[in-house]
Amino acid sequence: MRNGDARPTKLSVEGATKYYQTKTGLVHALEDYTMQVKEGELVCVLGPSGCGKSTLLWSMAGLHGLTKGQVLLDGGGISRPHPQIAMIFQEANLLPWRNLIRNIELPFEIKKLSPAKHRDRIDGLLRKVGLAGFENKYPRELSGGMQQRASIVRSLAVDPSCC
């Protein structure tokens, strides 16, 4: 972040702490983490395995609550999934009974939006990631990398920043 950056804060994490209750006891996943992301800023979270990166991202997406602390988007608290936030998981998580295009259309169905109104965006994203022409293929017919790119398209197709 540049010193004196006047851009507004888009996302902030304040004192994020997370403990998971497991069968064998508490797991301390994240401790007092704070960060701010300015409008238009690109941020990368790096750290060793087990340091809480995924826990942080799940909390930022509203998919896991924090034990202590808060996540704010445009000043409002995030405590459940939010329409302006999309998450791309480590696993592609494509539904095996749906072809590529039907997997990409899933968020539209969940949000009760017409994918037809977003066809140009979807087609453009498919071209950009090299999946144009694979729309009718099923996940088992795609390589692991292609499946991961499909999940990226699925997350970006709805344009989470606008809805």
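The model has an open sheet of 4 strands, in the order 2-1-3-4, with antiparallel pairing. Strand 2 and strand 4 (76-77) are the edge strands: each has a single partner, so one side of each has no neighbour in the sheet. What I am showing is a predicted model.

Let me place the sheet in the whole chain. There are 4 helices and 4 strands, and along the sequence they follow the pattern β-β-α-β-β-α-α-α. The chain has 163 residues, and 33% of them count as buried. Its C-alpha atoms fill a box of roughly 45 × 45 × 30 Å along the principal axes. If we take contacts between residues at least 6 apart in sequence, 60% of them join residues at least 24 apart.

Back to the strands. In general, strands of a sheet pair through backbone hydrogen bonds, either parallel or antiparallel. Here strand 1 and strand 3 run antiparallel and are joined by 5 bridges.

Leucine 73 is bridged to glycine 76 in strand 4. These two strands form a hairpin with 2 residues between them, and aspartate 74 takes a positive phi near 50° there.

Now helix 1, residues 53-60. Which of its residues are buried? They are Thr55, Leu56, Ser59 and Met60. Those residues cover an arc of only 135° around the axis, which puts them on the same side of helix 1. What covers the buried residues of helix 1 includes strand 1 (9-22), strand 2 (25-38) and strand 3 (68-73). Just after helix 1, glycine 62 takes a positive phi of about 80°.

In helix 2, the buried residues are Leu100, Ile101, Asn103, Ile104, Glu105, Pro107 and Phe108. They pack against helix 3 and helix 4. Just after helix 2, lysine 112 has a positive phi of about 55°.

How do helix 2 and helix 4 meet? Their axes come within 8 Å and cross at roughly 35°, and the crossing is right-handed. On the helix 2 side the contact is made by Leu100, Asn103, Ile104, Pro107 and Phe108; on the helix 4 side, by Ala150, Val153, Arg154 and Ala157.

As a general point, nonpolar side chains in soluble globular proteins tend to be buried together. The largest nonpolar core in this model has 16 residues, and those with the most contacts inside it are Leu100, Ile104, Ile122, Leu126, Leu131 and Ala157. Helix 2 (100-110), helix 3 (119-128) and helix 4 (144-157) are the elements that give two or more residues to this core. Apart from it lies another core, of 11 residues, including Leu11, Met35, Met60 and Leu73.

Setting aside neighbours within four places in sequence, leucine 100 is in contact with Leu126, Leu131, Phe134, Glu135, Lys137, Leu142 and Ala150.

Note on methods
Residues numbered from 1 in each chain as written. Predicted model: local features only at pLDDT ≥ 70, side-chain atom pairs only at ≥ 80, totals over all residues. Heavy atoms only, no water. Buried < 20%, exposed > 50% of the residue type's maximum accessible area, 1.4 Å probe, protein only. Arc of directions from axis to C-beta. Contact = heavy atoms within 4.5 Å. Pairing = 2+ DSSP bridges. Core = buried A, V, L, I, M, F, W, Y, C linked by side-chain atoms within 4.5 Å. Axes fitted to C-alpha atoms, helices over the stretch in contact; angles between N-to-C directions. Left-handed = near helix turned anticlockwise from the far one by under 90°.
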